[in-house]
Amino acid sequence: MEHAKKAPFGNQPCSFVIFGATGNLASNKLLPALFHLEAAGRLAENLTLIAFSRRDWTVDSWREHIRSVLGDKIGKKLDSPVFERFLARFRYQKGDLNEVESYHALATQLSPESACTRTVFYLAIKPADFAAVVQHLEAAGLNKPRGMSRVVIEKPFGEDIESAQTLNRLLHQHFDEEQIYRIDHFLGKETVQNLLVFRFANTLIEPLWNRNFIDHVQITVAESIGIEGRADYYDRAGALRDMLQNHLMQLLAVIAMDPPPALEADALRDEKVKVLRSIRPIIKRAVHAHAVRAQYVGGHVDGHAVAGYQQEKEVEKNSITETFVAAKFYIDNWRWGGVPFYLRTGKRLAQQSSLIAIRFKHPPQQLFRETPLERVAPNWVLLSIQPEKSMRMEIHVKQPGLDMDTRVMQMNASYLKTDEQALDAYETLLLDVIEGDRSLFIRFDEVEWAWQVIDPILKHWAVEREFIPTYPAGSWGPAEANRLFDNDDQTWRNEV
Ligand code: BG6
């Protein structure tokens, strides 16, 4: 995203290590994204990919594994020379994240035949293991020479503000800030990047983007999937840490930020931080009025019966981990003072859909009061992140006929033409890591402020452990989520 694009392949790493190579993230996101970059000719010839995992495999069994995980994603391309080239890049390092010898062994794999020392270390592992990896990288001398390599850290960064600060201090002992890529893959999604263009490249929009015209903002990230076998992580994290503290907070920041002076990493991040800092702190006794949590019980998703959260494999009996969270925030600045931002996310909801819905105010004059219309419904701007990638604006037009009646038309500014395919967020972000562009990665003060915002909710829920409301799988979450609204005419917008 940054202006000054680098010379092709200059300044790029020659080794890319994936810790947790056999895990969900690597299989579902990283390997497909790296393959697509290979197919697009964006990986330098001398780049070696190294899979690090505990499994007792050889490089050949690892290559078989790639074949099987990419099978249904890339179809016929499995037989192409591009795929062969991709496979040939890989080495496999069997190792234990907690044993320094494994890192010494890894060191021998890093581009042994060249003088290039720039490596990407991608931590596609449980957050609980981040610290151990960073310490062992240092112990094996893999952070040397200082300033060269890049470390990619997945979210959540810490599990509360204190642990995030501790992790950050540890990282800074061994790596410079320029080497640290805190990833939030929502920022790599096309619609999210397009939000910047929508807001700052259209004079039509920006003058309306404030408390004078906007009634409230809703951000929904609904998932129909469950926890997909990740109980050991999810049961500790819950929806607040897994999604709201990072993905939804980042969306909020991009929607609400002021235009940056330039499209540069720090300029963008400065503006996001200003938003996060301006969020009104939730005082202890107001937590109930600002946040709702719930957990799914059995139900039906896409016509199939699914089990409740407590019946998922390895979830603790009587767990009160939330699989749904909704919260209300106010941004106390001149642009947004008094405009509620309603955020919600959950697993096993009715649909897999992420939508930013911006509701405008009613017209100040009730001009149509004496007509069948009485009160016209307000306008909405709908930014759909997934599965549809679109931007729509709802406006009123007169219905043809003798009466003064209106209908709502959607002006559709979907930016993908029928023959175009959106990039996966990880393709964009992995390329940014390789090219050294940090614009779409998170600076620590963003992480810190986001934890600060949700800290009162975390603390309150940590002591209220007797009860959690439930919702049936396949629904839109608990009815309690409606109590967050400030006005009777506000309701959740589920569909585009
Ligand atoms: C991850 C969360 O960060 O994002 C998962 O840990 C969630 O729980 C996923 O399912 C959603 O991302 P996407 O891109 O599939 O919508």
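Begin by selecting helix α12, which covers residues 444-463. Within helix α12, display the side chains of Lys459 and Asp455; because these residues are four places apart, about one helical turn separates them. They form a salt bridge, with the closest N and O atoms 2.7 Å apart. This model is predicted, so every distance on the tour belongs to a predicted structure.

Side chains of opposite charge can pair when their charged atoms come close.

Select Lys126 and Asp232 next. Their side chains meet in a salt bridge, at 3.8 Å from N to O. Which parts of the chain does this pair link? Lys126 lies in the loop between β4 (119-123) and α5 (130-139), while Asp232 lies in helix α8; the two are 106 residues apart, and the pair links distant parts of the chain. Lys126 is partly exposed at 37% relative accessibility, and Asp232 is partly exposed at 45%.

Now move to Glu177 and Arg182. This salt bridge has its closest N and O atoms 2.9 Å apart.

Turn next to the ligand and display the residues around it. There are 13 of them, and Lys189, Glu223, Arg230, Asp242 and Gln386 come nearest. What kinds of residue form this shell? It divides into three nonpolar, three polar and seven charged residues. Helix α8 (residues 231-256) gives the most to the shell, with three residues.

Stay with the ligand and look for its oxygen atoms. One oxygen atom of the ligand is 2.4 Å from an N or O atom in the side chain of Arg230. For the side chain of His185, the corresponding distance from a ligand oxygen to an N or O atom is 2.7 Å. At Lys347, a polar side-chain atom lies 2.6 Å from an oxygen atom of the ligand. On its own the ligand has 400 Å² of accessible area, and the protein covers 85% of it.

Gln218 is buried, with a relative accessible area of 1%. What does its side chain reach, at His216 and at Arg493? The side chain of Gln218 makes a polar contact with the side chain of His216, at 3.0 Å. It also reaches the backbone nitrogen of Arg493, at 2.8 Å. To see what surrounds this residue, display the contacts that remain once neighbours within four places in sequence are left aside: Tyr342, Leu355, Ile356, Ala357, Trp380, Phe485, Thr491, Trp492 and Arg493.

Notes:
Residues are numbered from 1 along each chain as its sequence is written. This is a predicted model: local features need pLDDT of at least 70, side-chain atom pairs count only at pLDDT 80 or more; totals for chains, interfaces and linings use all residues. Side-chain values use heavy atoms; hydrogens and water are left out. A residue is near a molecule or strand if one of its heavy atoms lies within 4 Å of it. A polar contact is a pair of N or O atoms within 3.5 Å; within protein, one must be able to donate a hydrogen and the other to accept it, and residues adjacent in sequence count only if both atoms are side-chain atoms. Accessible areas come from the Shrake-Rupley method with a 1.4 Å probe; for residues, only the protein chains shown count as cover. Ala, Val, Leu, Ile, Met, Phe, Trp, Tyr, Cys and Pro count as nonpolar, Asp, Glu, Lys and Arg as charged, and the others, Gly among them, as polar. Buried means under 20% relative accessible area, exposed over 50%, partly exposed in between (1.4 Å probe, protein chains only). Contact means heavy atoms within 4.5 Å. A salt bridge is a side-chain nitrogen of Lys or Arg within 4 Å of a carboxyl oxygen of Asp or Glu.
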